[in-house]
Amino acid sequence: MRSVGSTLADFEQDLISNLYYQRGTTLESASGSDGYQTLALTVRDRLVERYARTAAAHYEANPRFVYYLSAEYLLGRQLGQNLLYTDTERFVRPIAADLGVTLEDLESYDVEPGLGNGGLGRLAACLMDSMATLDIPAVGYGIRYEFGIFKQAFRDGAQVERPDDWTFYGNPWEFPAPDDRQVVGFYGTTAAALDDPTGLRRQWTPGEVVRGEPSHMLVPGYGTQTVNIIRLWQARASRQSFDLSRFGAGQYKEAVEDIVRAENISKVLYPDDSTEQGRELRLKQQYFLVACSLRDIIRRYRLRNTGWDAFPAKVVIQLNDTHPVMAVTELMRLLVDEYKLDWDLAWSITRRTFNYTCHTLLPEALETWPVAVVERLLPRHMEIIYAINHFFLQEVEATYPGDLDRLRRLSIIQEEPDKRVRMAHLAVVGSTAVNGVAELHTRLLAATTLRDFAELWPQKFHNVTNGVTPRRFVRLANPRLSELITERLGDESWLTDLDRLEGLAGVADDPAFLERWRAVKRANKVDLAAHVERSTGVVIDPDALCDVMIKRFHEYKRQHLKLLHVIMLFNRLREHPDLDVVPRTVLFGGKAAPGYHSMKLLLRLVNAVAETVNTDPVVSRRLKVVLPPDYNVTRAQWIIPAADLSEQISLAGKEASGTGNMKLALNGALTIGTLDGANIEIRDRVGADNFFLFGLDAQEAADLRRDYHPRAYYESDPDLRAAIDTIAAGTFAKGDRSLFAPVVDSMLGRDEYLALADYRAYLECQERVEHAWRDQEAWARMSVLNSARSGFFSSDRTVREYCDRIWRVEPVRVA
Ligand code: Z15
């Protein structure tokens with residue numbers, strides 16, 4: 001095997017060679033983009049070699065593999081990560097300097113693959129990073145959306161969405177693997193299989209077939225030789241569907257119709273996060289992912305194994321939410337119909353192979369598909385779901401004889417108001433282990449959303465609290481802090497053993513160290529200020545408290561509660577221009593789903609408040625509000641290192657976990673938050689003294705919701721009334737009282753997520769924040785303790801827990 005050299009000279013030579021032979025150009029005529037692409041290919045070469053050795057080691061060991069099935073991966077930029085993981089940045093800096101460019105110039109060409117919406121997609125990326133780092137044999141499967149999450153711009157303050165044509169200049173990080181293409185069917189009819197007296201095996205004749213073409217992205221581990229892959233499927237028309245006769249007859253449009261239809265399947269990522277849009281094309285996407293991936297998993301299994309007995313021992317499939325749950329039915333179909341296993345054996349294999357991670361408690365996020373839609377698109381799968389449900393309900397009946405109500409609640413089929421397939425039920429029935437993503441979330445799942453299942457199979461339910469990769473979210477995002485940590489702890493081992501951050505607690509009282517800690521935060525804020533000015537034109541003060549709320553715009557996350565606080569500050573400063581308040585920059589970041597009108601209006605209101613605040617000569621000296629457009633992983637990496645205060649203010653019991661909360665705490669931001677999701681575990685670890693807690697807990701919220709009157713809070717709290725009245729008066733709409741009236745109406749009408757009930761507590765808590773901020777040394781001490789005690793939130797720990805409790809996989813070292 002050809003091997004890649006490890007010296008500066010080798011790297012330089014490979015760059016020249018790639019520029020010449022891969023890009024087909026020369027140093028004299030290369031563009032900036034050529035420079036970036038060439039660098040990417042040269043770094044990639046180093047990963048390919050590790051990948052080849054990984055594949056060989058895996059083939060040799062024939063280990064149990066983790067197959068992670070996810071409709072989303074939010075990977076972030078690849079160049080910086082891959083330079084770090086191959087330790088080649090030290091070569092690039094001098095070479096770039098010689099050529100008169102900077103690494104930052106080159107990085108500006110690196111496009112982040114936005115193949116996800118938010119937390120769920122980013123979690124998938126963090127887990128893949130940690131699996132590789134821990135030498136776990138794993139493959140991620142996903143969809144190669146031609147267009148990722150839309151790009152957000154603002155026109156007159158309103159969100160406009162533009163397509164994310166992320167592969168326009170080509171993607172140097174992926175490898176097409178056309179030899180491993182698969183064929184997937186849709187629609188059509190089913191018929192009895194002649195040789196099967198039980199009637200459980202049947203034959204499906206699809207009415208449409210499409211091809212799935214895979215390509216893969218490399219997922220290197222940090223500090224190890226393992227390179228795993230994420231295999232992404234793109235839909236293409238199968239050769240049959242290119243109708244030559246029509247084409248020959250000059251009916252070009254008709255001839256390409258089928259091609260367009262096939263290729264639409266992987267055309268675009270659905271931009272809804274935590275809400276479901278029951279579109280047939282989405283189900284088609286889901287089944288496409290599942291069908292291609294399972295065939296590929298079986299192909300890989302058969303490279304080293306024969307028969308089916310060993311399948312569950314060699315294959316563990318993790319379902320990332322319900323999006324890939326059709327895999328349960330598809331594996332049954334493959335085993336029963338195509339490989340002719342009898343039903344019971346197939347079911348036993350299937351159940352032992354799958355596990356399911358649930359990421360929500362919101363009823364509107366629980367996927368259900370109309371039976372009529374499934375029946376048409378996947379007729380054989382609908383039959384299989386009925387059969388699975390039939391046998392499952394027999395089991396239930398045996399456990400709870402005569403309990404018809406329980407049967408109805410547990411059934412995979414919902415009967416009222418219309419017949420639908422409950423994907424979460426199918427997931428639980430078809431899996432060995434079911435897990436929630438934070439302690440509170442798992443407890444509430446078992447007590448509410450999946451209660452009947454938790455009673456039936458208590459041993460199935462697990463908690464695996466989410467985590468984040470410290471490589472991307474500390475080392476890459478925050479090099480200054482990383483250097484300080486490494487200097488203090490003596491080496492870089494904390495990057496793969498994050499509990500070692502505890503070593504910082506010992507210097508949390510050392511004034512000299514605190515001074516340096518603050519200097520890092522300030523330098524990061526200067527950098528962020530430059531980004532903010534470039535994207536919004538607004539100049540922010542690096543000495544102001546940097547108050548950050550970055551996440552998807554969703555009502556349950558309560559961006560409007562934050563905004564009421566901002567408006568209160570605005571009113572106060574206008575009334576008392578000399579008031580001694582803490583200077584503050586409030587930074588929002590996030591997208592709203594294009595069809596989510598109330599949240600798009602709220603984005604518009606944030607921009608309108610920002611405009612009013614930032615142009616007020618008195619107020620803007622102490623308060624700035626910014627909403628830089630198009631929040632994504634790249635921008636998260638700029639914002640998080642500069643944050644002083646992390647806003648985690650969802651209504652308790654609604655945010656499954658949150659992961660931004662972890663990234664911010666690790667980077668020394670203090671959290672202001674409710675007892676929701678992983679906030680609780682963060683507070684337990686960093687200490688109640690170093691966390692700003694406010695608001696209702698999940699129990700109180702659930703109780704209050706039963707008989708809730710938001711107007712009572714409005715009427716009894718003058719500050720709250722003033723803030724809402726300021727919106728209603730049209731202050732942020734040049735006097736137009738109608739534009740933001742729906743925001744006011746929704747708060748005073750239903751206030752679905754009890755923002756008004758938590759308003760007073762939130763304000764008082766923000767006063768505690770101000771008080772704390774006035775003692776900068778004490779603040780810095782709390783900041784250090786937040787980082788020092790957040791090691792638990794490494795996704796390495798998360799993956800270890802999955803390995804020990806759910807996957808039962810062992811690492812395979814790569815030489
Ligand atoms: C999503 O990003 C999350 C849950 C969902 O049901 C969907 Cl469809 C998308 C998020 C949770 O809201 C968040 O609390 C959690 O941290 C994240 O998944 C990863 O588990």
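1. Two strands pair if DSSP finds at least two bridges between them. Helices (H or I, at least four residues) and strands (E, at least two) are DSSP runs, numbered from the N terminus. On that basis, strand E21 (residues 584–589) runs parallel to E22 and is joined to it by four bridges. Leu587 has Val626 of E22 as its bridge partner.

2. This is a predicted model, in which local features need pLDDT of at least 70 and side-chain atom pairs count only at pLDDT 80 or more, while totals for chains, interfaces and linings use all residues. Residues are numbered from 1 along each chain as its sequence is written.

3. The sheet that holds these strands is open and has six strands in the order E22-E21-E20-E23-E24-E25, with parallel pairing. Strand E22 (623–626) and strand E25 (692–693) are the edges; each has a single partner strand, so one side of each is left without a neighbour in the sheet.

4. The protein is divided into domain 1 (62–77 + 112–425 + 440–456) and domain 2 (470–793), with bounds from an automatic or database domain assignment. Their contact takes 35 residues from domain 1 and 31 residues from domain 2, where contact means C-beta atoms, placed from the backbone, within 7 Å. On the domain 1 side, helix H6 (119–133), strand E5 (151–155), strand E6 (158–162) and helix H17 (439–449) each supply at least two residues. H6 gives the most, with five residues. By class, the side of domain 1 that touches domain 2 has 12 nonpolar, 15 polar and eight charged residues. Here Ala, Val, Leu, Ile, Met, Phe, Trp, Tyr, Cys and Pro count as nonpolar, Asp, Glu, Lys and Arg as charged, and the others, Gly among them, as polar. The C-alpha centres of the two domains lie 36 Å apart.

5. Where does the ligand lie relative to the domains? Domain 1 and domain 2 both give residues to its shell, so the ligand lies between them. The ligand is surrounded by 19 residues, the closest being Gly119, Leu120, His359, Thr360 and Ser657; the criterion is a C-beta atom, placed from the backbone, within 6 Å of the molecule. The shell has five nonpolar, 11 polar and three charged residues.

6. The largest nonpolar core has 227 residues, and Val66, Tyr67, Ala327, Val548 and Val609 have the most contacts inside it. This core draws at least three residues from each of domain 1 and domain 2. A nonpolar core is a set of buried Ala, Val, Leu, Ile, Met, Phe, Trp, Tyr and Cys residues joined through C-beta atoms within 7 Å; buried means that 20 or more other C-beta atoms lie within 10 Å of the residue's own, with C-beta atoms placed from the backbone.

Terms used. A residue is buried if 20 or more other C-beta atoms lie within 10 Å of its own, exposed if 12 or fewer, and partly exposed in between; C-beta atoms are placed from the backbone. Two residues are in contact if their C-beta atoms, placed from the backbone, lie within 7 Å.
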